[in-house]
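The following note sets out, in numbered points, what may be read from the model shown below. Please keep the sequence and the structure in view while reading.

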Amino acid sequence: MTSKQAFVFIAESPALDLVNTQYIRDGDVVDSLVDFAALVSWLTQAGALDAAQAKAALKKWGQNADGRRAHTQACSLRGALRVMAEHIVAGKPVPQSSLDALNEVLSYNVGYTQLVRVRGGFEKCLHRKHDEAMQLLAPIAEAAVDLLCHGDLSLVKKCNNPRCILYFYDTTKNHARRWCSMAGCGNRMKAAAHYRRLHSEGGGQS
């Protein structure tokens, strides 16, 4: 069985959602990608694996070195994607180290195209092979490639809360998104601003 752990998907990009498996809680960095089982659970919730593929992956690699290596590779990829996002937000060129990390993961990718019938016509579908645990990461690397090649990099943003380390791709209509989520940092920062205004207007008196 896959882990029941719930992950946060707020980035509108699987590549940035992988970055966001590290977050801040009570001032400390928390890593929700703790092991291979957590990785498989995340990939399933991200839509990169279906339930049958997840079950097969855990059975085949869940208790051996291949699974541990894939987990280590996923953490390395996440680090490279974080550096990529940091550079994009800062208006700097994406470093070659991030591109090298993406290309390394893509080198494991194996699959073939199939034609499937859909309502009103046909659709091209990529059937992925999972002969090695590393191949599980290919869809996330491809999402990062799509972001770099076809996305508007000005819409890659970091949450405006200076204490938050989450990133997102701003798909809002007016591209004015500022927070990882309104329920989280948005409300906290608005409440803090409201408190500061009251304190200022009151001259600091109780």
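1. Helix α4 passes helix α6 in a left-handed crossing; a crossing is left-handed if the near helix is turned anticlockwise from the far one by less than a right angle, and right-handed if clockwise. The two helices, α4 and α6, pack at an angle of about 15°, with their axes 12 Å apart. Axes here are lines fitted to C-alpha atoms, for helices over the stretch in contact, and angles run from 0 to 180 degrees between N-to-C directions. α4 and α6 are therefore roughly parallel to each other (angles under 35 degrees count as roughly parallel, over 145 as roughly antiparallel, 65 to 115 as roughly perpendicular and the rest as oblique). On the α4 side the contact is made by Leu77, Leu81, Met84 and Ile88, and on the α6 side by Ile140, Ala144, Leu147 and Leu148. Contact means heavy atoms within 4.5 Å.

2. Some remarks on the source are needed at this stage. This is a predicted model, in which local features need pLDDT of at least 70 and side-chain atom pairs count only at pLDDT 80 or more, while totals for chains, interfaces and linings use all residues. Residues are numbered from 1 along each chain as its sequence is written, and side-chain values use heavy atoms, with hydrogens and water left out.

3. The protein contains seven helices and six strands, and from the N terminus on its elements run α-β-β-α-α-α-α-β-β-α-β-β-α. Helices (H or I, at least four residues) and strands (E, at least two) are DSSP runs, numbered from the N terminus. Of the 206 residues in the protein, 36% are buried; buried means under 20% relative accessible area, exposed over 50%, and partly exposed in between, with a 1.4 Å probe and protein chains only. Among contacts between residues at least 6 apart in sequence, 56% join residues at least 24 apart.

4. The accessible surface of the protein comes to about 12,100 Å², and carbon and sulfur atoms account for 52% of this surface. Accessible areas come from the Shrake-Rupley method with a 1.4 Å probe; for residues, only the protein chains shown count as cover.

5. The contact involves Leu99, Leu102, Val105 and Leu106 of α5, together with Ala138, Ala141, Glu142, Ala144, Val145 and Leu148 of α6.

6. Helix α2 (residues 36–45) and helix α3 (residues 51–61) have axes that come within 10 Å and cross at roughly 165°. That angle makes α2 roughly antiparallel to α3. α2 passes α3 in a right-handed crossing. Phe36, Ala37, Val40 and Thr44 of α2 meet Ala54, Ala57, Leu58 and Trp61 of α3 in this contact.

7. Which backbone oxygen lies 2.7 Å from a polar atom of the side chain of His71? The oxygen belongs to Leu33. His71 lies in helix α4 (residues 65–89) and counts as buried because its relative accessibility is 14%. Not counting residues up to four places away in sequence, His71 touches Leu33, Val34, Asp35, Phe36 and Leu39.

8. Ser32 is found in the loop between β2 and α2. Is Ser32 buried or exposed? Ser32 is buried, because its relative accessible area is 6%. A polar atom of the side chain of Ser32 lies 2.9 Å from the backbone oxygen of Thr21. Leaving aside neighbours within four places in sequence, Ser32 is in contact with Gln5, Phe7, Thr21, Tyr23 and Ala38.

9. Two residues deserve attention for their backbone angles. Most residues other than glycine have a negative phi. Glu12, in the segment before α1 (14–19), has a positive phi near 60°. Asp26, in the loop between β1 (22–25) and β2 (28–31), has a positive phi near 55°. Glu12 is exposed, with a relative accessible area of 54%, and Asp26 counts as exposed at 75% relative accessibility.

10. Finally, Ser181 is found in the loop between β6 (167–169) and α7 (182–201). Ser181 counts as partly exposed because its relative accessibility is 26%. The C-alpha atoms of Ser181 and Ile10 are separated by 7.2 Å, although these residues are 171 residues apart along the chain.

Key
A polar contact is a pair of N or O atoms within 3.5 Å; within protein, one must be able to donate a hydrogen and the other to accept it, and residues adjacent in sequence count only if both atoms are side-chain atoms.
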